[in-house]
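Here are my notes for your first look through this model. Keep the viewer open and click along as you read.

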Amino acid sequence: VNHNDWKYQNLELRLCSLAQKIQPMKRKKPNLDTVTTINKDGSRFFLHPADVKGVFTASRRLVGYVLILLFVALPWIQVNGYPAVFLDTLNRRFHLFGFTLAAQDLWILFFLVTGLAFTLFFITALVGRIWCGWVCPQTVYLEHVYRRIERLIEGDAVQRRRLDRAPWTAGKVIRRLVKHILFIGVSLVIAHIFLSYFISLKELWQVMHHKPSEHLGLFGFVAAFTLVLYGNYTWFREQLCIVICPYGRFQSALIDAHTVNIGYDARRGEPRGAKRLNTDGDCIDCGQCIQVCPTGIDIRNGLQMECIGCANCIDVCNTVMKRVGRPVGLIRYDSAEAFSGGNNRWIRPRTLFYGVFLLIGISVASFSIAKITPVKVTAIRMPGMTYYVTDHVIRNQYQLRFINKQNTEAHFRLSFSKDIPGLSAAGLDQEVILPPMGEEPRVFVVMMDKHQYEGPFPLELTIQTTEMDSSIVLKLDFMGPDVRLMREHQNLSLPRSN
Ligand code: SF4
Ligand code: SF4
């Protein structure tokens, strides 16, 4: 047999197509009105996508492994004495690549999250669901870890389907046991690494050497997260993308006819059918693109919400096209405009709008992060009376919160920015010393001699620290009664305290 002969290749494809006809997947023809993975009675139709090889599959796998490596490595990489990403919720400190955010700095996250959201919007408007197919943890771990293990133990898609239908023999029990033990093991590892982002690797190691009863909260978290991962990657799988993930739902609002998505070139492919191999459309209707689809759709029906942009159908169709001697790219990355014969436009009002908001969010967040200081002091007026009037002074009370974000002691010295006659404060001459990562609220009482008081005035408090070259300046308002009223009704009309 000449394997390069297109007649032989056609026969091979026809046989392949015939083989698929007897598979459940072929019997369940994807359409636009129903979800392939949900049966008419509401039960689950479990998919076993076929293996696929090609340039996109190899590239996605590489990207996936790099991301997994990054996830595992980040808690080990030390920057400024902390893991590169350490969300220390216990001490309310968030260490991100050398920057430390205190709980009071979390407003920056608003701009960071907004910037990242608009980055996603921008990318979606340009190249569709590239996130889902290439970098989303759901796809990365399902395709490059869990399904690979399943493939190793239970065989290819046809063998897996056969095993599903097979009676519970010893062989099936052993295969399933091994698979589920490995799935639970992998889920446990992921859950522990995830936990190390919150309590650090050192503490995780110590916790792991204690009894679960000594760290019930952490143990419960790891157990619950492991269960969620195991249930998701073992059973729920593509349902998360189809049923739960909101991004798939609102992507239709983010894209337009110029967005580059994975699509089928109907002008080139139709009319489809193996019998027209040498005549009309290029699609030989082999059904391979459906067989490899992890969400069970037929891309030839057009862009659908279930499509996660994994490019499996591109790779498999390119293989088919090469075999039948047709140009590749019947299924490819392109825009709806280009598929219908027009020209694609990258610069559009939508991409400009998202781009501007992306830049604003990222710029503000970067600027704010660059301004983050190793120590911080905030001031708020104490709840209750705005001011107190005693026989001799008017008193204002503030709460100063001293925050040390570094792993060495911090020293704070307070003084008024300028001398104001009659103004004094309790504890002004005492140095505040905070331990590493410490945080301390202090009551700060400012008093004004009644006879020198001439109405409310702004007040500046300078805080010198050994950790910063520049000092921290807090702007406060000293409040008090109306001077004329105070003079006239000094003993009757004003709030009093002892
Ligand atoms: S689009 Fe390609 S893979 Fe899909 S049925 Fe047609 S030829 Fe086969
Ligand atoms: S249609 Fe193609 S790109 Fe979309 S999910 Fe299915 S295989 Fe992946």
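1. Let's start with a term. A residue is called buried when its relative accessible area is under 20%, exposed when that area is over 50%, and partly exposed in between. Take asparagine 39: its relative accessible area is 23%, so it is partly exposed. You'll find asparagine 39 in the loop between α2 (24-27) and α3 (55-73). Setting aside neighbours within four places in sequence, asparagine 39 is in contact with Lys28, Arg44 and Phe45. Please remember throughout that this is a predicted model.

2. Now try another pair, isoleucine 108 and serine 366. They sit 258 residues apart in sequence, with 8.9 Å from C-alpha to C-alpha.

3. Is isoleucine 108 buried or exposed? Its relative accessibility is 2%, so isoleucine 108 counts as buried. This residue belongs to helix α4 (residues 107-127). Which residues does isoleucine 108 touch, if we don't count those up to four places away in sequence? The answer is Leu101, Ala365, Ser368, Ile369 and Ile372.

4. Next, have a look at how two helices meet. The axes of α6 (residues 137-154) and α7 (residues 157-165) approach to within 9 Å, and they cross at roughly 75°. Angles of 65 to 115 degrees count as roughly perpendicular, and that is why α6 is described as roughly perpendicular to α7. On the α6 side the contact is made by Arg147, Glu150, Arg151 and Glu154, and on the α7 side by Gln159, Arg160 and Leu163. Sorted by class, the contact residues of α6 and α7 come out as five charged, one polar and one nonpolar.

5. On to the nonpolar cores. The largest has 29 residues, and Phe412 and Phe444 have the most contacts inside it. Several strands each give at least two residues to this core, including β8 (375-381), β10 (393-404), β11 (410-416) and β14 (439-449).

6. Now for the ligands. Ligand 1 is surrounded by 13 residues, and the closest are Cys283, Cys286, Gly287, Cys289 and Cys317. Helices α14 (288-291) and α15 (312-323) each supply at least two residues of that shell. By class, the shell of ligand 1 holds nine nonpolar, two polar and two charged residues. Ligand 2 has 13 residues around it, with Cys293, Cys307, Cys310, Ala311 and Cys313 coming nearest. How many charged residues does the shell around ligand 2 have? None: its shell has 10 nonpolar and three polar residues.

7. Last, some backbone details to check by eye. The peptide bond from glutamate 270 to proline 271 is cis, with omega near -10°. Proline 271 lies in the loop between α13 (266-269) and α14. Aspartate 285 is found in the loop between α13 and α14. Phi of aspartate 285 is near 55°, a positive value in a residue other than glycine. Aspartate 285 has a relative accessible area of 30%, so it is partly exposed. Methionine 437, in the loop between β13 and β14, also has a positive phi, near 60°. At 16% relative accessibility, though, methionine 437 counts as buried.

Conventions
Residues are numbered from 1 along each chain as its sequence is written. Chains are lettered from A and ligands numbered from 1 in the order in which they are written. This is a predicted model: local features need pLDDT of at least 70, side-chain atom pairs count only at pLDDT 80 or more; totals for chains, interfaces and linings use all residues. Side-chain values use heavy atoms; hydrogens and water are left out. Axes are lines fitted to C-alpha atoms, for helices over the stretch in contact, and angles run from 0 to 180 degrees between N-to-C directions. Helices (H or I, at least four residues) and strands (E, at least two) are DSSP runs, numbered from the N terminus. Angles under 35 degrees count as roughly parallel, over 145 as roughly antiparallel, 65 to 115 as roughly perpendicular and the rest as oblique. Contact means heavy atoms within 4.5 Å. Ala, Val, Leu, Ile, Met, Phe, Trp, Tyr, Cys and Pro count as nonpolar, Asp, Glu, Lys and Arg as charged, and the others, Gly among them, as polar. A residue is near a molecule or strand if one of its heavy atoms lies within 4 Å of it. Buried means under 20% relative accessible area, exposed over 50%, partly exposed in between (1.4 Å probe, protein chains only). A nonpolar core is a set of buried Ala, Val, Leu, Ile, Met, Phe, Trp, Tyr and Cys residues joined through side-chain atoms within 4.5 Å.
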